[in-house]
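Let's walk through a protein structure together, one step at a time. Keep the picture open beside the text and look for each part as we come to it.

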Amino acid sequence: MTRRALYAAGAVFVAIGLAGIGRHVGVAGWALWFAGVAVAHDAVFAPLVFGVAYVTRRMPAPWRRAAVIAGTVTLVALPAVLGFGRRRDNPSVLPQAYGKHLVAIVILIGLVTGAVAALNAYARPMGKAILSIVGILLAIWLVFMVIGMIISALKFLIWIGFLAVIAAVVVTLISKMAKSS
Amino acid sequence: MLRRADPRRLIRRIDAESERLTRRIATVFTSRLHDERTAAWLGVCLGVSFTVAFVTGLVSHFMQHPPSWMVWPSRPVGLYRLTQGAHVICGMATIPLLLAKLWTVYPKLWQWPPIRSAAHAARRGVVFLLVGGSLFQLVTGLFNVNYWYPFPFFFTVAHYWTAYVVFGALLIHAADEWAKVRGLRRPPPPYGPSRRGFLATVAGACGLVAVTTVGETFTPLGDLAVLAPRRPGAGPQRLPVNKTALAAGVTRGTGWRLTVTGAVRRELSLSLDDLRAMPRHVVRLPIACVEGWSAEATWAGVRLRDVLRAAGVEDDVRVRVESLEKAGLYRTSQVDPPHWHDPLTLLALEVNGEPLSLDHGYPCRLIAPDRPGVMQTKWVARLEVSR
């Protein structure tokens with residue numbers, strides 16, 4: 001029952017869409033792009049991905065995952081990197097150095113993956129040495145952070161105490177003046 | 001002497017060869033991730049994402065082209081900013097998700113026989129509409145937010161009508177595959193060590209796209225928007241511009257006047273000094289563009305309702321705001337009662353403490369809450385009031 005209703009609703013939507021395209025969009029150009037992107041994916045992009053996956057089949061899993069993330073983010077960023085949409089009269093369109101930013105992101109993905117791989121290698125002596133160095137650096141940084149926070153908290157408390165003393169003095173003075181008058 | 005080939009034998013031969021080849025191709029896909037569960041998980045996520053895109057897209061369309069019976073509220077102020085930001089950022093973040101789904105189900109493209117029955121043929125037809133349509137929407141949408149138009153059709157119209165095709169095909173596909181989605185609640189089979197890793201990878205890619213672009217509309221994350229086509233503070237007077245005065249063919253002339261005409265008790269023709277003499281109001285409102293970016297600014301000027309009241313109008317009139325721009329789809333915009341009654345709706349003369357620059361609509365532009373940026377008409381010259 002639900003299924004039939006969904007079929008019917010879906011068919012109505014498809015019919016509305018196709019009718020609208022027929023009436024308001026140049027059908028030939030639209031159909032070329034509609035089928036074109038599907039064919040480009042199935043006949044060019046997907047085989048390319050499977051080819052790359054085959055060539056890199058011995059790559060460790062973390063690095064393959066990193067490659068998938070870097071690859072898809074690159075695809076999404078590509079129109080901005082190519083910058084065909086830039087206009088001479090409007091510098092607020094595509095205002096950034098997208099190529100540089102993309103390279104920085106890919107490097108960042110590499111660094112994070114390296115750290116994860118190091119973590120996986122924790123059991124091995126070399127990885128252990130690297131991780132203990134990183135750990136010591138982190139610990140030092142953390143200690144300084146905590147000391148700084150304690151000092152700023154103390155400063156804050158001292159200020160509050162100072163203000164409390166002033167308030168107490170003012171209140172006492174006022175009450176004394178009130179009594180004496 | 002050449003022997004004539006028997007066409008029937010030839011066809012049989014081609015048939016056998018293509019079957020052999022297709023079966024051979026199907027054996028290439030050895031990964032465990034081409035399974036139903038992975039496909040169903042990705043499918044559920046895509047279903048949610050495309051539904052969000054469809055609904056927010058309809059909101060944007062009908063805000064710009066309301067049927068005569070439809071009236072949009074002017075509050076909450078940032079509603080359009082939210083729906084259109086969700087539309088564009090979700091859309092971009094869906095690209096890795098769609099590619100992952102198509103990768104997972106790719107072996108099904110090579111199933112043999114290609115068509116088993118009429119119902120099977122219809123099903124594959126719907127899948128073609130879904131795959132072609134999804135790719136079409138995401139590719140043209142991505143090009144559009146990057147201001148790149150290599151296609152032979154007008155983007156918004158094609159994107160709008162194709163959305164119905166995709167959503168309809170999505171409903172049919174969901175009805176067909178619902179049994180597999182229900183299977184997700186069952187415990188997973190004991191094999192398949194990397195499915196979780198694969199799904200996490202896809203989520204990571206989608207998340208990274210979202211994090212590096214969402215700052216173009218969600219200002220607190222503005223510094224992270226390193227891949228976004230816009231930056232909220234990048235532009236004249238710290239505000240991005242969509243159509244420059246040069247592109248609109250508007251120049252800084254003298255003798256500008258604002259005329260108020262139509263269903264009014266007295267027609268007005270106001271100079272810039274007349275407007276400056278009226279009560280000045282300062283509001284903080286975002287420009288929220290159809291391309292997904294948005295940026296808040298401090299605007300100063302006169303309330304639209306003050307100008308209309310000065311001309312003497314009924315409470316239920318509609319106003320057509322006309323630009324100095326000679327041509328262009330967005331040279332006029334319609335302001336309905338909820339928007340012109342709103343005290344935040346201004347005919348702005350200043351932005352961020354300075355007189356409007358020519359690119360931001362000097363001498364006078366419309367700025368109203370909860371409204372697409374293309375309807376915040378610049379270089380306003382005429383208000384035509386109608387019943």
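Before we start, a word on the ground rules: residues are numbered from 1 along each chain as its sequence is written, while chains are lettered from A and ligands numbered from 1 in the order in which they are written. This is a predicted model, where local features need pLDDT of at least 70, side-chain atom pairs count only at pLDDT 80 or more, and totals for chains, interfaces and linings use all residues; side-chain values use heavy atoms, with hydrogens and water left out.

Let's begin with the domains, whose bounds come from an automatic or database domain assignment. Chain A splits into domain 1 (1–58) and domain 2 (61–123), and the C-alpha centres of these two domains of chain A are 27 Å apart. Chain B is assigned domain 1 (20–224) and domain 2 (238–386). For the two domains of chain B, the centres taken over C-alpha atoms are separated by 38 Å.

Now look at where the two chains meet. Contact here means heavy atoms within 4.5 Å, and by that rule 65 residues of chain B touch 54 residues of chain A. The size of an interface is often given as the accessible area lost when the parts come together. Buried area is just that loss, found with a 1.4 Å probe and summed over both parts. Chain B and chain A bury about 5100 Å² between them, and 78% of this is on carbon and sulfur atoms.

What is the count of salt bridges between chain B and chain A? It is 0, where a salt bridge is a side-chain nitrogen of Lys or Arg within 4 Å of a carboxyl oxygen of Asp or Glu.

Which helix of chain B gives the largest share of the side that touches chain A? H5(B) does, with 13 residues. Helices (H or I, at least four residues) and strands (E, at least two) are DSSP runs, numbered from the N terminus. By class, the side of chain B that touches chain A has 47 nonpolar, 14 polar and 4 charged residues. In this sorting, Ala, Val, Leu, Ile, Met, Phe, Trp, Tyr, Cys and Pro are nonpolar, Asp, Glu, Lys and Arg are charged, and the others, Gly among them, are polar.

Next, stay inside chain B and see how its own domains meet. Here 25 residues of domain 1 of chain B are in contact with 27 residues of domain 2 of chain B. These two domains of chain B bury about 2100 Å² between them, 52% of it on carbon and sulfur atoms. The rule finds 2 salt bridges across this interface of domain 1 and domain 2 of chain B. You can look for Arg81(B) and Glu296(B), which form a salt bridge with their closest N and O atoms 3.3 Å apart. Between domain 1 and domain 2 of chain B there are also 14 residue pairs in polar contact, both at pLDDT 80 or more. Helix H2 (36–64), H3 and H4 of chain B each give two or more residues to the side of domain 1 that touches domain 2, and H3(B) gives the most, with 6 residues.

Over all chains, the salt bridges come to 17. In one of them, Arg20(B) and Glu17(B) meet at 3.6 Å, N to O. These two residues are 3 apart in helix H1 (residues 7–26) of chain B, so about one helical turn separates them. Another salt bridge joins Glu314(B) and Arg265(B), at 3.8 Å between the closest N and O atoms. This pair links distant parts of the chain, 49 residues apart.

Finally, find Phe143(B) in helix H4 of chain B. Is Phe143(B) buried or exposed? Phe143(B) is buried, with a relative accessible area of 14%; buried means under 20%, exposed over 50%, and partly exposed in between (1.4 Å probe, protein chains only). Leaving aside neighbours within four places in sequence, Phe143(B) is in contact with residues including Trp33(A), Pro79(A) and Trp148(B).

Notes
Polar contact = N/O pair within 3.5 Å; in protein donor to acceptor, adjacent residues only side chain to side chain.
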